[in-house]
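Subject: Structure handover

Hello,

Here is the structure for you to look through. Please open it first, then read the notes below it.

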2 protein chains.
Amino acid sequence: MNDFNYYNPTRIEFGKGKEANIGKYIAEYGVSKVLIVYGSDRIKKSGLFYTVSQSLTENGINFEELGGVQSNPLLSKVYEGIEIAKSKGLEAVLAVGGGSVLDSSKAIAAGAKYDGDVWDFFLHKAEPQKALKIFDIMTLAATGSEMNNYAVVTNDQTKQKLSLAGPETFPTVSVINPELQATVSNDYLAYSASDIFAHSLDMYLSATYLPAYMAGYVENILKTVMRTTEILLADAGNYEARAEFAWAATQALNFTTFCGVAGNRFDTHFLEHTLSAEYNIAHGAGLSIIMPAWMKWQKNNLPERFEQFARNMFNVEGADAGIEALTQWYSKIGTPVTLKEGNIPESDIPMLVEKLSEVAGLWGATSLYTKEMIRTVLENAK
Amino acid sequence: MNDFNYYNPTRIEFGKGKEANIGKYIAEYGVSKVLIVYGSDRIKKSGLFYTVSQSLTENGINFEELGGVQSNPLLSKVYEGIEIAKSKGLEAVLAVGGGSVLDSSKAIAAGAKYDGDVWDFFLHKAEPQKALKIFDIMTLAATGSEMNNYAVVTNDQTKQKLSLAGPETFPTVSVINPELQATVSNDYLAYSASDIFAHSLDMYLSATYLPAYMAGYVENILKTVMRTTEILLADAGNYEARAEFAWAATQALNFTTFCGVAGNRFDTHFLEHTLSAEYNIAHGAGLSIIMPAWMKWQKNNLPERFEQFARNMFNVEGADAGIEALTQWYSKIGTPVTLKEGNIPESDIPMLVEKLSEVAGLWGATSLYTKEMIRTVLENAK
């Protein structure tokens with residue numbers, strides 16, 4: 001195994017009805033003033049907001065609120081939250097929603113402890129050393145944000161979709177109640193499955209060294225996602241499947257999959273972020289378009305790994321058969337596999353190559369993400 | 001999945017030569033006076049003690065030392081450590097050794113912050129709310145103590161082998177350098193494999209509800225242990241196998257295997273602790289004696305689980321075939337599978353039944369661990 005360090009201090013509270021304890025959890029950390037961040041008004045109509053606010057009040061915690069976070073969350077909304085947090089002297093952020101709401105909350109938490117522009121962190125002009133405490137109640141399982149310190153936000157002006165991470169941007173407590181995730185549409189369930197796949201496969205299919213232990217660990221996550229997605233598409237109310245899906249999503253991006261691995265990259269995430277920033281498609285939908293296209297480019301770099309993937313995941317022989325099997329599975333669950341299916345004009349490819357090449361510059365990765373590599377993958381996605 | 005919470009703040013520093021950074025790691029937490037706890041003088045002869053003490057000195061950290069911790073570590077040694085820590089005003093304990101050294105260190109850390117008798121914690125007369133900071137450098141992979149908050153200690157007087165756990169008895173930083181674990185004898189490697197198996201199988205074969213995700217997760221740990229043990233018995237210097245073995249050991253008892261599981265127990269650990277306390281045999285050796293005997297008792301309680309185990313782990317059909325395959329594997333790697341092989345007189349069974357029944361009282365588990373159950377398992381181990 002490659003040398004590594006691992007540290008993940010997030011406390012998980014997993015199970016039915018746990019959101020009703022959120023006030024108690026937060027009070028344990030001596031916090032008395034929080035900003036509730038959420039997306040649409042659905043959480044008010046469903047009663048979730050009431051449950052949460054009542055629990056806060058019962059535990060002597062005051063709160064402000066910031067709604068309207070959208071998928072592919074915007075920097076402008078983060079600025080709003082920072083302004084509220086600073087002006088009201090808030091001590092913590094409580095995200096109630098999916099990955100976009102939590103990522104916005106992490107950015108608000110970091111920005112509220114910083115005198116400069118929070119976007120500096122995304123551009124690596126500054127490091128987010130401090131942050132307000134972060135709590136969350138997850139209504140969607142996909143991004144794994146509930147157990148890592150990363151936040152991905154889109155700059156409304158520049159359409160750049162970039163990330164920050166700091167030592168204090170881990171959630172302190174994440175509440176995962178699978179029942180709250182049962183109202184997701186089948187479309188979004190499929191996009192979520194695609195997102196989890198990409199978190200796992202970006203590593204599995206790029207690592208120059210992958211310990212056998214870790215291969216088995218990741219394959220178990222992926223098989224869990226496949227099995228439970230198929231159950232849930234037919235039976236959205238299946239609690240056990242919903243719960244296993246949620247926990248697999250968390251494991252796929254809580255850094256456990258990277259322990260001892262060498263040379264892993266995030267190619268499909270790199271390539272996708274610009275698609276979802278540009279066309280506002282769901283991140284998972286963008287990923288299922290990019291993944292097979294990227295695999296066709298990547299397969300010759302690690303031929304044995306691709307054979308292992310084909311055999312262990314789909315019981316087929318050869319890299320091409322594995323790519324085809326995954327593509328068919330994406331189609332079967334209902335997430336797009338071509339630019340066309342994602343309503344992205346193929347004629348935009350030259351523009352996308354330029355944009356992505358610019359982002360590669362920000363990532364300091366132009367030698368890896370050459371224009372030729374980017375163009376090849378996008379052409380593969382036709 | 002069953003409701004659960006998960007929290008594990010231990011930072012892992014894994015890899016070659018990391019022990020030379022121990023002073024830096026400790027200094028990051030503002031600690032300047034530590035107690036180095038170790039077992040035999042081997043760590044002085046090997047140069048490890050010098051490496052560690054030099055790193056401490058370079059980082060401005062003063063230290064006292066306490067050697068002589070033995071396997072099945074004794075309460076009397078813990079008292080010694082507490083006395084030193086209290087009288088010298090030490091802020092942290094640094095364990096350099098295996099699970100016994102680390103467990104002693106955890107007990108010292110808890111006892112140093114307590115006015116009463118540290119044994120109170122083991123008898124559940126008091127809760128160890130506070131502890132000195134705990135750091136460790138692991139020279140043996142087996143117990144998983146490096147990433148959990150449990151400590152198992154034997155009372156020299158009463159021969160009781162019991163455990164404590166508190167919110168502050170997680171190691172702050174655990175250093176795992178597989179190279180330092182390469183000098184373990186083949187005997188002890190086999191005992192370690194048996195210990196890891198028991199951590200996993202106590203759960204896997206007793207849980208009344210085991211999510212499919214978790215079954216796959218644990219099977220992957222066990223398969224890793226089997227594969228790497230066989231490699232290491234033939235080639236002790238194989239770094240990759242040593243590293244995967246070490247990481248599997250850590251995963252098997254860092255609480256990840258319990259997430260969402262219901263009704264799991266620790267039967268073989270309950271039964272074994274009295275054996276190793278009474279006869280001072282290696283914990284892992286005691287476990288490989290108890291495990292097949294316990295499985296024969298347990299198999300009818302969860303027949304489908306035992307079939308799953310047989311099929312997924314050994315590719316054989318039926319509970320009995322699975323038990324037989326595991327027993328043969330234990331014999332093959334060289335860890336005992338009967339009382340006789342462990343030099344435990346079969347004529348002691350009545351005495352052991354009485355002793356274990358007493359411990360069951362301390363665990364508040366006499367309805368589960370009846371004299372009949374205990375006798376049946378011990379008779380199965382003949």
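Start with a hairpin in chain A. Strand β7 (residues 150-154) of chain A is joined to strand β8 (residues 161-165) of chain A by five bridges, and the two run antiparallel. One pair to find is Val153(A), whose bridge partner in β8(A) is Leu162(A). Six residues lie between β7(A) and β8(A) in this hairpin. Look at Lys159(A) in the turn: its phi is positive, about 65 degrees.

Keep in mind that this is a predicted model.

**The first sheet**

A reminder before you trace it. Strands of a sheet pair through backbone hydrogen bonds, and the pairing can be parallel or antiparallel.

Which strands form the open sheet that ends with β1(B)? There are seven, in the order β4(A)-β3(A)-β5(A)-β6(A)-β9(A)-β2(A)-β1(B). The pairing is mixed. At the edges sit β4 (62-66) of chain A and β1 (4-6) of chain B, and each of them pairs on one side only. From one strand to the next, the twist averages 15 degrees.

Begin at the β4(A) end. Strand β3 (residues 33-38) of chain A runs parallel to β4(A), and five bridges join them. Here Val34(A) stands opposite Phe63(A) in β4(A). Helix α4 (residues 75-88) of chain A lies across β3 and β4 of chain A. The helix runs at about 160 degrees to β4(A).

Now go to the other end. Strand β2 (residues 11-14) of chain A meets β1(B) through three bridges, and these two run antiparallel. Phe14(A) has Phe4(B) as its bridge partner in β1(B).

Another open sheet of seven strands has the order β1(A)-β2(B)-β9(B)-β6(B)-β5(B)-β3(B)-β4(B). Its pairing is mixed too. The edge strands are β1 (4-6) of chain A and β4 (62-66) of chain B; each pairs on one side only. The average twist is 15 degrees from one strand to the next.

Three bridges join β1(A) to β2(B), running antiparallel. Phe4(A) stands opposite Phe14(B) in β2(B). Helix α4 (residues 75-88) of chain B packs on this sheet and touches β3 (33-38) and β4 of chain B. The direction of this helix makes about 160 degrees with that of β4(B).

**Between the chains**

How many residues of chain B are in contact with chain A? The count is 36, and they touch 36 residues of chain A. About 3,000 Å² is buried between chain B and chain A. Carbon and sulfur atoms give 57% of that area.

Across the interface, 18 residue pairs are in polar contact, counting pairs with both residues at pLDDT 80 or more. The salt bridge count between chain B and chain A is zero.

Which elements supply the side of chain B that touches chain A? β1, β2 (11-14), α8 (212-234) and α9 (239-252) of chain B each give at least two residues. α8(B) gives the most, with nine residues. By class, this side of chain B has 19 nonpolar, nine polar and eight charged residues.

**Salt bridges**

Side chains of opposite charge can pair when their charged atoms come close. Over all chains, the count comes to 30 salt bridges. One to look up joins the side chains of Asp320(A) and Lys299(A), at 2.5 Å from N to O. Asp320(A) lies in helix α13 (residues 319-333) of chain A, while Lys299(A) is in the loop between α11 (283-298) and α12 (303-314) of chain A, so the pair ties together parts that are 21 residues apart in sequence.

Best wishes

Conventions
Residues numbered from 1 in each chain as written. Chains lettered and ligands numbered in written order. Predicted model: local features only at pLDDT ≥ 70, side-chain atom pairs only at ≥ 80, totals over all residues. Heavy atoms only, no water. Pairing = 2+ DSSP bridges. Helix = DSSP H or I, 4+ residues; strand = E, 2+ residues; numbered from the N terminus. Axes fitted to C-alpha atoms, helices over the stretch in contact; angles between N-to-C directions. Contact = heavy atoms within 4.5 Å. Buried area = accessible area lost by both parts, 1.4 Å probe. Salt bridge = Lys/Arg side-chain N within 4 Å of Asp/Glu carboxyl O. Polar contact = N/O pair within 3.5 Å; in protein donor to acceptor, adjacent residues only side chain to side chain. Nonpolar A, V, L, I, M, F, W, Y, C, P; charged D, E, K, R; others polar.
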